[in-house]
Amino acid sequence: MTRDFARKRPKIVVIGAGSASFGLSVLGALMREESLRGSTLGLVDINPEGLRLIESLANRLNREWDTGLRIQASTDRTELLADADFVILSIAIDREKCWQSDQEIALRHGIMHYAENGGPAAFIHAARNIAIVMDIFRDIERLCPDAWLLNFTNPMARICSAATRHTRVKTIGICHQIGFGHMMLGVLLAEELGLNTLVPEGYRFVWRNRRALKLEKIIADAVMERVAVTAAGTNHFTWMLDIREKHTGRDLYPLLWQRLDGGDPGFEPFTRAVARTFRLFPVPGDCHLVEYLPYTHNTQRKTWERFDIQMYPLDGVVTDRDGMWARIADMASGRAPVDALASIHSERAEKVIAAMAGGPPVYELALNLPNSGQIANLPAGAVVETPAWVDAGGPKPVAVGALPEPVAEMIRRQITITHLAVDAAVSGDRSLALQALALDPMVDDLDVAVTLLNEYLEANRAYVPGFFAPSVAAAPEKS
């Protein structure tokens with residue numbers, strides 16, 4: 001049953017309000033959304049000091065921006081979840097420390113990978129977070145069963161799949177990676193799109209280059225104004241099915257194929273190689289595309305170095321987080337202005353919520369929802385990422401037809417791995433976990449799959465207690 005929001009402003013609860021990745025952008029965007037004036041905003045974080053700062057900052061924004069919000073805060077989510085209409089989830093546990101360990105374990109067995117959403121380490125990354133979020137999902141079912149969950153927590157497809165396969169929670173996954181695809185189009189088609197003055201010669205995306213990071217969003221925004229992209233697949237593994245100039249309707253794919261081999265050969269070389277091979281352009285860019293394919297992980301072949309894949313700078317992120325909390329403290333206390341939050345990059349949760357709360361319908365380029373036919377040749381019920389319309393009746397995914405069969409085949413394997421890994425994490429079943437690892441394209445030795453499973457679980461024993469319960473199914477020994 002769809003709630004009538006015409007008579008009531010929604011209650012929005014943000015779990016992980018102090019998130020390093022999404023906290024400030026979600027807070028700023030929610031509080032500047034005019035149509036949500038007068039709503040209730042609940043802030044939840046398990047870090048009491050961080051929550052205190054976020055609450056103080058929210059109260060300052062509420063006063064200075066005159067948003068009319070009712071601000072609540074608690075380290076106990078059950079105090080705020082009752083009667084919530086929307087729950088935003090953005091959590092992680094010891095993220096950088098665990099990612100570093102995940103990568104090192106795989107590297108000991110000759111596997112180099114990004115270790116977030118795909119590849120062997122995605123299994124344990126998902127298991128850690130699923131161990132936390134399943135309790136959150138149960139609380140939502142109990143305290144606000146009609147609420148919509150808007151998930152930002154990674155691995156996106158696996159967290160959303162845990163909700164859709166094992167609970168009744170209505171779930172939408174939101175990811176901004178589609179913007180990276182727009183940025184790549186802006187660089188490759190700069191001349192045609194009139195972006196020559198915006199795109200520096202030899203531009204490359206580099207994690208540690210702050211100017212490059214800033215330009216990525218600027219270029220992407222400029223392309224979004226000019227180009228209509230239809231992309232589909234699974235999160236961080238979507239593909240551009242259609243690329244059209246907005247003001248003329250002209251198909252830009254022929255031009256993209258002409259320009260693919262031009263310009264700086266160091267610009268996203270792996271993405272361009274994959275596009276040439278499968279005749280479809282991938283959205284996520286090199287650093288995320290490598291998570292799902294078997295072409296760069298082998299340390300003996302040194303393809304990671306040959307394609308110069310950019311690794312997420314774990315040490316730099318810790319430093320950036322410390323700086324973020326210092327800025328939050330300054331803004332919360334009034335020592336620093338809050339003007340930047342008025343234009344901070346939006347993750348678009350506020351637009352989705354506003355549309356479902358009775359505002360104008362919105363068209364979203366990429367939402368993660370169960371497949372109800374929007375991708376014809378992927379399994380029904382699997383969480384897929386496609387465009388969608390959102391209105392008071394909820395999200396309505398756009399049907400894009402069938403993917404080219406080679407691309408669909410690669411995605412189907414990832415869906416199977418996702419379902420096995422999720423079911424294993426929820427149940428603590430080591431046999432299912434082993435099957436997920438053995439199916440991974442980066443694993444070419446069953447003994448390595450067994451070893452990876454054992455080492456990942458042992459290194460994360462404190463985070464995944466469900467795998468150590470006496471009654472769980474055991475994985476077989478090495479051959």
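Guide: Gladly. Helices here are DSSP runs of H or I with at least four residues, and strands are runs of E with at least two. By that count the chain has 18 helices and 12 strands. Do keep in mind that this is a predicted model.

Visitor: What makes the chain as compact as a globular protein of that length?

Guide: The globule rule gives 23 Å for 479 residues, and the radius of gyration is 22 Å, close to that value, so the chain is as compact as a globular protein of that length. Along the principal axes, its C-alpha atoms fill a box of roughly 65 × 60 × 45 Å. Of the contacts with a separation of 6 or more, 71% come from residues 24 or more positions apart.

Visitor: Why is Cys-144 called buried?

Guide: Buried means under 20% relative accessible area. Cys-144 has 1%, so the label applies. Cys-175, at 14%, is buried too. Across the chain, 58% of the 479 residues count as buried.

Visitor: How do you know that Cys-144 is too far from Cys-160 for a bond?

Guide: A disulfide needs two cysteine sulfur atoms within 2.5 Å. The closest cysteine sulfur to that of Cys-144 is in Cys-160, 16 Å away, so the pair is too far apart for a bond. For Cys-175 the closest is again in Cys-160, at 10 Å, which is also too far. The count for the chain is zero disulfides.

Visitor: And how many side chains are positive and how many negative?

Guide: There are 50 positive and 58 negative ones, and the centres of the two sets lie 2 Å apart.

Key. Residues are numbered from 1 along each chain as its sequence is written. This is a predicted model: local features need pLDDT of at least 70, side-chain atom pairs count only at pLDDT 80 or more; totals for chains, interfaces and linings use all residues. Side-chain values use heavy atoms; hydrogens and water are left out. The radius of gyration is taken over C-alpha atoms; the globule rule is 2.2 Å times the number of residues to the power 0.38. Buried means under 20% relative accessible area, exposed over 50%, partly exposed in between (1.4 Å probe, protein chains only). Contact means heavy atoms within 4.5 Å. Lys and Arg count as positive and Asp and Glu as negative; His and the chain ends are not counted. The place of a charge is taken as NZ of Lys, CZ of Arg, CG of Asp or CD of Glu.
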